Amino acid sequence: MDMQNKLISVIVPAYDTASTISKCLDSIIAQTYKDIEIIVVNDGSTDETRNIVLKYCDKYPQITLFDHKKNKGLFATRMTGVKKAHGEYIGFVDSDDYISRDYYRELINEAERTDADIVVAKIVQENPDGYQWIQNIYEDYNFGLKKGEEIWNSYWEQEGQLFIWHTIWNKIYSARIWKEALPSLEKLSRHLIMAEDFAFSSVLFFYTKILSSIKYSRYFYYRNENASTSLNNNPTKFAKNIGDLVNAFAFVKKFLETVNAADEVILHYNRWEALYKYFWTQNVIKSELLDRDKTRLITILNNGMTSNDIPTSPEYFYSVSTQFDGRYEDIINIILDDNTQVVSFDIFDTALLRPLYRPTDVFELLNIEYDRIRKARTEKFSVMREEAEKRIRNKLIYSTDSSAEEVNIKQIYNEMGDFFHVDKKILDKMLLKEIEIEQRFITKRESVYNLYKIALHAEKVVIFTSDMYFENNIISDLLKKNGYDSYNQLFVSCSANASKRTGKLYEKILHTYKCDSNSIVHIGDSWESDVLNARKYNLKHIFYPKTTECMSYGISDISSTHALDGYKGRNNSLVNYEFALKYLGNRTAIAIASNKLFDMPFKSYNNWSEMNCSPQFFGYFALGMHLIGFIRWMDDQKNKNKYNQLVFIARDGYLPMKAYQIFGKYNSYAIKNLKYFYTSRKAAIPCGIKHSQDIYALYEEFNGLGLEKKEIINLLLPVLDVERIQDDNLAIRIKNREDYYNFAKEVLMPAFNEKKASIFNEAIKKYFEKIFVGKCALVDIGYSGRTQELIYKMLGRNIDAFYIHKNTDECAVREVKYGFSVNSFYDFTPAITGAQRELLFSSLYPSCVGYDLDKDGIIPVFDNKTYEFPYKYLVSEIQSYALEFVENYCKNFGTLINNMHMRNMEISYPFEHMIAFPEDVDLKMFDCILFEDDMWAGKRVSLSDQWRENIKYHRLLINYKIQTAAKYAEQSEANGDDVPLTWKLYDEKGMENKSILIKMFFWLINDKKYFWQRIREKMHMI
C-alpha cells in the first residue's frame, strides 16, 4: 500500500509554551509528508498558548485542539492525545521542540518498508541561544532491525544510560501497540510530568514486534535552561519531580511483575532505578536549596527508590558533544523551496559511488580479465586504457578545429586498437567487461538517494547531469539498477555533445526547461564543473563533495581525520607511507571506509578528535582496515603452508575468527574448518604437571600477580587433594620467590596427587586431540608461544601460529625448541600494545579460567565476570562495525580479493595512528573501561589512563590537532585573546594540508607578525 494513504496522528502536549509552540507547529505543517492530523492537547495553560493554537486551527484544518480545564500533567496529556488519534501511526512532538522537514516521510517509509511497530530518529539538542549539538559516542548508533524478544532485552540492557531508547518523542509508533498498551498505561492515573517517557516506553516496548531506525531526519530537542534554574531554588518543585520519579518507577516495577519479567530484566530495572536515583541525588546536592530541604528530598529518594547499584560511568554517553552541522537539512530546504522547479544531480561520485579510490582503479581491475584473455606479453591494460582516452581527447576535443565536447567509450577503444594494435575481438570483450565491472561495483550514494526521493515526493522535475564517456543507455541502466528509475531526463555529455566542463550542458538544460535559471538547483562533487560553471549560468548550486575527499581532509570546510595524513607524507616516521596508495588493496579499503562514513559529507565532526569520539567511526575505518589486512595476510600465509584447519584462541582470536568466517563466505578457497579454543594463561597452569617437583617451576607463572594462597590453590585444584591442605592463613599474598617456594614446599607439594594429575592430564590430552586435527595453525594476538609449548607437551605436536606480533625472543626460543613456526603480521613490537589491542580483539563472553573433569571429559570453566552496559556498548559497536567493513570489502571484491594487494603496516596505518597518537577526546570513548588486570598489574585499571601513561612513557609525538590546540593557547596567552582567531581560521581552512606557498600567503594576510617570525626562524635554521 502507498505510504501516502497512511495517516499519522502527531500529538503536541502544550502547557505555557506560547514562546515556542508556533515554531513547533510550523515544523509539523511544513512536513514533506502531508497525511498528518495534528492533535494539540492544551494542559490548562495560563499564558497565550491556547489562543495561538486557535489561530492555527482556523488556518489549518488538520489541526485540532483539545483542552484540559485543569492541569493534569504530561503523562495524562499524551494519553488524551492518543485516545483522540485516528492515525495508523502515532508520533509526539513536545511544544518547545521541532522537527526537520522530511522527518515523518522518512519515518513512515521505514515503518512501511520493515513493518516496524517503532521507528527511531536521531536527535539534535538545542539551547535557548540557538546552539545545537550532538553527542558523539552514540551519534552513529544504529538500532538496526530488531525483532521480538531482542527488542525487549535490548531496551532493558541499556539500563537508562542511552536515553534515546526511552524518550517517547523521537519515534513513531504503530497504533496497534498503543491499543495493546493502553489498558496497562491507564493504571497510572497520577499527575505526572517527570519520567513519563520511562513509564510509556517500558510498556510500549513490551508489545513491540519489530524495531527500526532512520539515518537523516532529526528531532530538535530544546534544553530549557531557565526551567532548571527555576527548579534550583524551589523545594516544592523539586519534591514534585522526585515524587513523579518514584511513582513512575513504582508503576513500571508493578508492570514487570504483572508480565512476569525475567530475573535479568528485573536486575536491569534495579540498575536503571539506581541510575536515576543517583542523578537526582546529585541534582539535590548541587542545588542552592537549604540543607534541611536537601536532607528531606534525599530521604524521599532513598525511601522510594531502594536500588543502589550505580554504574561506574553514569554520564559516559554525554561526555563528548559537538556542534551540529545542519547543511544537509539546508540542502533539503533548498530542494523543497517553492522557487525550485528542477533538481539536477551529478551522477558519478554524487548519486553513484564506486568502492574505488580513483576512477581509473576500474582499469586496474580490468587488468585481471585482460591477462586472462590475452596470454602474450603486452602493455598493462590499465596503461593502454588511460593512454587511449588521453589521446582521443587530444584529437577530438582539445584540437583547435574540433567542435566535440566529449568522447564516447567506443572511440576510446577504437583508439586503443589503432595505437596499441590490439585485436578488435579482444577489445570488444574488454569493452563489455568494463561496462560489466561498472555495473557490478557501482552503488547508490544513500544520502543523495534520499535527496532524490525527497525531490520526487515534492513533485520537482528531476534530471541527471554528467560529463561521461558512457552514453545514455549505459548510464540509464546504472541508474535504474540502483533505484534511480523515476526521473524526467538524462543529460550526458557524450550523448548531448555538450559538457559541464564548458558550461554548454547547462545551456541545454536551460533551453530544455525554459525557466528562470535560479529555479534550477544542481548538486555535484566537482568544484569546477558543478559549482563554478553552474554559477556562471546563474543556477543554484550545491557542492556535495566526494567521500574520499571528505575522509582525507581534502575539503577545507569539512572536518575529518588526520589518520590518513601518513599516506600524503605528513607523518613523523622512518616509514614512507606515501607508497601505500600505490597498492590497490589499500586504496579500495580507504574508498570503502569513505563511502560509508562520509556518505553524507556534512558530518558533525569534532575538530579535536581523529575518530570523532565515535565507536562506529573507529571500528569501521581504523579497526576494519587493520582486520581485513590481517585476515588477507593470514590467508596468503596459509596457502604457502597448506593448513586445513585454523584454531582461534579464546578470547583474543574472537574478532579474527569472525572476520575470517566472513572472508570464507565469499571465497571458496578459504579454510572452512575453524575452531575456537577455550584457554588462557590461568587455565593452562595445571596442564602438564605430572610430578610434585613440577610445582616449583610454576613460580614464573605466578610472579608479579600478587595472588593470595587460596587463589593459587584454586588454580591447581585439578592436581591437588584439597583435604590434605593444612594452612590457616590462605588469605596471605605471595610477594616473592621465597614466599612461593615455602608455600609450595609446605602446602602445595604435600597436597599434590600424582594419580589425580595423571587422570587430569590424560583427559586434557584427549580434549586437545579433538581440537587439533590435521595440519592446523593457531590464531592469536601473540606473544610468546606459550600455548604451542603447552600443546607440544600434551600432544607431542608442533602447532604453527599466526600472531599480530611477538614481544621477546621467548617465542623464537620455543620455536627452535619445539619445532613450530610463528608467522607474525608485524615483525616488530608496537609502542602501545597489550590491553588496548586485546580489548578490541576479544569476545565479550566470559574468560576460560580453568578446566573441570567429569565423566564425559574436560569442560572449560569460565569466570563469572559481567560487563556494564557502556563497556559492552563500546566493544560491541567497535567490533560490529569492523566486521561490517570486512563484510563490505569481501562482498565487493569476492574472489578478486587476491588481487587486492596491500602491505601489513600500510593497511593498518590508521589503526596504529589511533593507538599511538590518540586525541584525548577520542580516549574518552575508553573511559568506561575499568578492568582487573590480574595477570600483570594485579589491580583495577582505567584503560584510558593506562593508555595516556604508555604514550607519555614512550614519548610519542603529539599529533596535528594537539599541536594546533597548543598554538591556540600560545597565541591567546600572547595576545590576551579569548579566541585565537588566526589559528582557528588556519584549522578551519585546512591550511595544514596546503602547500608552503599558500601557507605563507595565509600568514602574510592574517598575521604579519607571525609570518616574519617564521621567516626569521627559517633563515636562522639555514
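**Exercise 1. How many aromatic pairs does a search of the whole structure find?**

Solution. The structure is a predicted model, in which local features need pLDDT of at least 70, side-chain atom pairs count only at pLDDT 80 or more, and totals for chains, interfaces and linings use all residues. Residues are numbered from 1 along each chain as its sequence is written, and side-chain values use heavy atoms, with hydrogens and water left out.

Step 1. Apply the rule: rings of Phe, Tyr and Trp (its six-membered ring) pair if their centres lie within 6.5 Å; planes under 30 degrees apart count as stacked, over 60 as edge-to-face and the rest as tilted.

Step 2. The search gives 94 aromatic pairs.

Step 3. Take Phe677 and Tyr767 as one of them: the ring centres are 6.5 Å apart and the planes stand at 45°, so this pair is tilted.

Step 4. Phe677 belongs to strand 20 (residues 674–677) and Tyr767 to helix 31 (residues 754–771), so the pair ties together parts 90 residues apart in sequence. Helices (H or I, at least four residues) and strands (E, at least two) are DSSP runs, numbered from the N terminus.

**Exercise 2. Classify Phe677 and Tyr767 as buried or exposed.**

Solution. Step 1. Buried means under 20% relative accessible area, exposed over 50%, and partly exposed in between (1.4 Å probe, protein chains only).

Step 1. Phe677 has 0% and is buried. Tyr767 has 15% and is buried.

**Exercise 3. Find the disulfide count and examine Cys776.**

Solution. Step 1. A disulfide is a pair of cysteine sulfur atoms within 2.5 Å. The count is zero.

Step 1. For Cys776, the closest cysteine sulfur is in Cys811, at 16 Å, which is too far for a bond.

Step 2. Cys776 counts as buried at 4% relative accessibility. Cys515, at 17%, also counts as buried.

**Exercise 4. Identify the ring faces under Arg391 and Lys444.**

Solution. Step 1. A charge sits over a ring if NZ of Lys or CZ of Arg is within 6 Å of the ring centre and within 35 degrees of the ring normal.

Step 1. Arg391 lies over the face of Phe419, 3.9 Å from the ring centre. Lys444 lies over the face of Tyr449, at 4.8 Å from the ring centre.
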